[in-house]
Amino acid sequence: MKPADFVGTLFLARDVAHSVHLSTRSFAKHSALNTFYDEVVELADKFAEAYQGRHGLIGPITMMSAKSSNIVEFLEESLADIEEMRYKVCEKSDTALQNIIDEIVGLYLSTLYKLKFLA
C-alpha cells in the first residue's frame, strides 16, 4: 500500500464531507461535517509530512472516487479502508506515524457518533 493512496483516501473523505456539508438541511450534520473536513485535511497533511520526514517523498497523491453516496456509509467504508491500510502504509512499530493514524481514526469515530446520534 502506497502512502499516496492513504492520503488520497483522506482527501476524498474531505471532498465528500464538504459536499454533503453544503447540501444538508440539518444544522447538527452541517456542523459535524464542517469539523470533520477541516480536521481530516490537517491530519492528512500531518501524516504526509511526518511520513516524508522518515521515508522520503511520497509522490503525487492518488485521486480516489466515492463508493457510497450516503455519508454515514461512506465514512464507515472509508474508516474500514484506513484501518485495513494502516499497517501496510507503515510498520506497527513506527509509533509516531501510527499515533497520527489513531488521531484520524478518532476523528472518524467522533464524526460517525455525531451523524448517527445527534443529527
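**Reading charge and exposure in a predicted model**

Visitor: Where does Tyr-113 lie?

Guide: This is a predicted model, and in it Tyr-113 belongs to helix α4, which spans residues 95-117. Tyr-113 is partly exposed, at 46% relative accessibility.

Visitor: Which residues form a nonpolar patch on the surface?

Guide: Tyr-113, Phe-117 and Leu-118 do, and their accessible area together is about 360 Å².

Visitor: Which residues form the negative surface patch?

Guide: That patch consists of Asp-38, Glu-39, Glu-42, Asp-45 and Glu-49. One of them, Asp-38, is found in helix α2, residues 27-55. Asp-38 has a relative accessible area of 39% and is partly exposed.

Visitor: How should I read a salt bridge, and how many does the structure hold?

Guide: The general idea is that side chains of opposite charge can pair when their charged atoms come close. The structure holds seven salt bridges. Among them, Arg-14 and Asp-15 meet through their side chains at 2.6 Å, N to O. Arg-14 is partly exposed at 22% relative accessible area, and Asp-15 is partly exposed at 38%.

Visitor: Which residue forms a salt bridge with Arg-54?

Guide: The partner of Arg-54 is Asp-94, with the closest N and O atoms 2.9 Å apart. Because Arg-54 lies in helix α2 and Asp-94 in the loop between α3 (71-89) and α4, the pair ties together parts that are 40 residues apart in sequence.

Visitor: Is Asp-94 buried or exposed?

Guide: Asp-94 is buried, with a relative accessible area of 9%; a residue counts as buried when this value is under 20%. Arg-54, by contrast, is exposed at 52%.

Visitor: Where do Glu-84 and Lys-88 lie?

Guide: Both residues are in helix α3, four residues apart, which is about one turn of the helix. Glu-84 and Lys-88 form a salt bridge whose closest N and O atoms are 3.3 Å apart.

Visitor: What does Gln-98 touch, leaving out residues up to four places away in sequence?

Guide: Gln-98 touches Arg-86, Tyr-87, Cys-90, Glu-91 and Lys-92. Gln-98 is found in helix α4 and is buried, with a relative accessible area of 5%.

Visitor: Which residues is Glu-103 in contact with, leaving aside neighbours within four places in sequence?

Guide: Glu-103 is in contact with Leu-43 and Lys-46. Glu-103 is likewise found in helix α4, and at 30% relative accessibility it counts as partly exposed. From Glu-103 to Ala-28, the separation is 75 residues in sequence and 22 Å in space, C-alpha to C-alpha.

Definitions and conventions
Residues are numbered from 1 along each chain as its sequence is written. This is a predicted model: local features need pLDDT of at least 70, side-chain atom pairs count only at pLDDT 80 or more; totals for chains, interfaces and linings use all residues. Side-chain values use heavy atoms; hydrogens and water are left out. Patches are made of residues with over 30% relative accessible area and no salt bridge: like charges are joined within 9 Å, nonpolar side chains (Val, Leu, Ile, Met, Phe, Trp, Tyr) within 5 Å. Accessible areas come from the Shrake-Rupley method with a 1.4 Å probe; for residues, only the protein chains shown count as cover. A salt bridge is a side-chain nitrogen of Lys or Arg within 4 Å of a carboxyl oxygen of Asp or Glu. Lys and Arg count as positive and Asp and Glu as negative; His and the chain ends are not counted. The place of a charge is taken as NZ of Lys, CZ of Arg, CG of Asp or CD of Glu. Helices (H or I, at least four residues) and strands (E, at least two) are DSSP runs, numbered from the N terminus. Buried means under 20% relative accessible area, exposed over 50%, partly exposed in between (1.4 Å probe, protein chains only). Contact means heavy atoms within 4.5 Å.
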